[in-house]
Amino acid sequence: MVPFFRAADVEAAVSPERAIEAVRDAFVAYARDEWSMPPKVYVPAYPAGDFRAMPALGAGHALLKWVTSFPGNPGRGLPTVTGVVVLSDASNGMPRALLDAAAVTALRTGAAAVLAAQTLGRADASTAAVVGAGVNGRAVARTFAAIGRQVVLWDVDAERGHAAAEEIGATAASSRDEALAADLLVTVTPGKEIVLGEGVLRPGQHASLMGADGPGKAEIAVAELARVHVFCDDWEQASHNGDLVHAVGAGVVAQDDVTELGAVLAGEAKGRGEDEDVTVFDSTGLAIQDLAIALAALERADELDLPQIPL
Ligand SMILES: NC(=O)c1ccc[n+]([C@@H]2O[C@H](COP(=O)([O-])OP(=O)(O)OC[C@H]3O[C@@H](n4cnc5c(N)ncnc54)[C@H](O)[C@@H]3O)[C@@H](O)[C@H]2O)c1
């Protein structure tokens, strides 16, 4: 029998604070080559969306997340991101748990966005904003709120932005410009249009770009990425998908210009330099983050009333 963590079970098992801690440890373990992660495989089903197969190995366990991004789904009353996570024992291959992929994704995405903002943002940063108040944008806002930060939310769909702010106990931004001016900015849009045009980010700001995680997506203009200090989750993955691929293709950003977040967290690379620097974290979402959340959930399995699946 293998326990199944439904979305509510994942949320009950892993708090946003615990998610930040677990994701931080995963980035460090990966930077130190203690954890491994074969490249994410995209299975395009365009124009509707795409599937991703995301494997990782670490802490005596292997994980596969089979997950989607179907941007038109909310219009049909369906979520953009859905799927299942399988966690297995790496000593004998036996499955240990199944988990709702959307809930795992939301927790680890919120954790990575906030972890990058805490690590790379200015120590005196006071304002935080999330642009894009969908499933994962709300997860980021909830994570900011959990660590005691006031956060404003802005969505192109104003009603959605207000509803999300109310649900989280946050504030809806009065304008897009108010949100974009925050000291710690997180974008979680579908990546179909540029949110950060050339010259939008101001000295001292940090932006975590979470939305553009697949082929053909971008949230920042190539010229804007070229003039800031760029960090990413994983060079191999981020330079082939999302925001960075456009700047790399244009020849304005190269591997030497980009630092992995894990290297900063492991003390192997420098993070923010001057107070006036603009830092940007380009996230494509890593299976090691999912592994971190799945392991944290498994720790609490005995405390929860989980459905058991015969396998
Ligand atoms: N980097 C990662 O680890 C990671 C993880 C999960 C999801 N994602 C990506 O993040 C994106 C959002 O995912 P989601 O599940 O939250 O989707 P969602 O459909 O639930 O939410 C997207 C939100 O963005 C809003 N929006 C669209 N264009 C906008 C714009 N220009 N400005 C402001 N708001 C805008 C929409 O109204 C909607 O509320 C997707 O592209 C998804 O693939 C990335």
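**Reading the model**

A: The accessible surface of the chain comes to about 13000 Å², and 52% of this belongs to carbon and sulfur atoms. Such areas come from the Shrake-Rupley method with a 1.4 Å probe, and for residues only the protein chains shown count as cover. This is a predicted model, in which local features need pLDDT of at least 70 and side-chain atom pairs count only at pLDDT 80 or more, while totals for chains, interfaces and linings use all residues. Residues are numbered from 1 along each chain as its sequence is written, and side-chain values use heavy atoms, with hydrogens and water left out.

Q: How is the overall form of the chain to be read, and what radius of gyration does the chain have?

A: The radius of gyration is taken over C-alpha atoms, and the globule rule is 2.2 Å times the number of residues to the power 0.38. For 311 residues a compact globule would have a radius near 19 Å, and the 18 Å of this chain agrees with that. The C-alpha trace spans about 55 × 40 × 40 Å along its principal axes. With contact meaning heavy atoms within 4.5 Å, 66% of the contacts between residues at least 6 apart in sequence join residues at least 24 apart.

Q: What share of the residues in the chain is buried?

A: Buried means under 20% relative accessible area, exposed over 50%, and partly exposed in between (1.4 Å probe, protein chains only). Buried residues make up 54% of the 311 residues.

Q: How many helices and strands are there in the chain?

A: Helices (H or I, at least four residues) and strands (E, at least two) are DSSP runs, numbered from the N terminus. The chain has 11 helices and 15 strands.

Q: Which order do the strands of the open sheet have?

A: Strands of a sheet pair through backbone hydrogen bonds, either parallel or antiparallel. Two strands pair if DSSP finds at least two bridges between them. Here an open sheet of 8 strands runs in the order β9-β8-β7-β10-β11-β14-β12-β13, with parallel pairing. Its edge strands, β9 (171-172) and β13 (258-260), each pair on one side only. Within the sheet, β12 (residues 229-232) and β14 (residues 279-282) are joined in the parallel sense over 4 bridges. His229 has Thr279 of β14 as its bridge partner.

Q: How many salt bridges does the count come to, and which side chain meets Lys65 in one?

A: A salt bridge is a side-chain nitrogen of Lys or Arg within 4 Å of a carboxyl oxygen of Asp or Glu. The count by this rule is 15. In one of them, Lys65 meets Asp290 at 3.0 Å, N to O. Because Asp290 lies in helix α11 (residues 287-299) and Lys65 in strand β4 (residues 61-69), this pair ties together parts that are 225 residues apart in sequence. Lys65 counts as buried, at 1% relative accessibility, and Asp290 counts as buried at 0%.

Asp290 also forms a salt bridge with Arg108, the closest N and O atoms being 2.9 Å apart. This second pair links helix α3 (residues 101-120), which holds Arg108, to helix α11, 182 residues apart. Both Arg108 and Asp290 are buried. Elsewhere, Asp50, Arg52, Asp213 and Lys217 are linked in a network of salt bridges.

Q: Which residues make the nonpolar surface patch?

A: Patches are made of residues with over 30% relative accessible area and no salt bridge; like charges are joined within 9 Å, and nonpolar side chains (Val, Leu, Ile, Met, Phe, Trp, Tyr) within 5 Å. Val41, Val43, Trp66 and Val84 make a nonpolar patch of about 290 Å². Val43, found in strand β2 (residues 41-45), counts as partly exposed at 34% relative accessibility.
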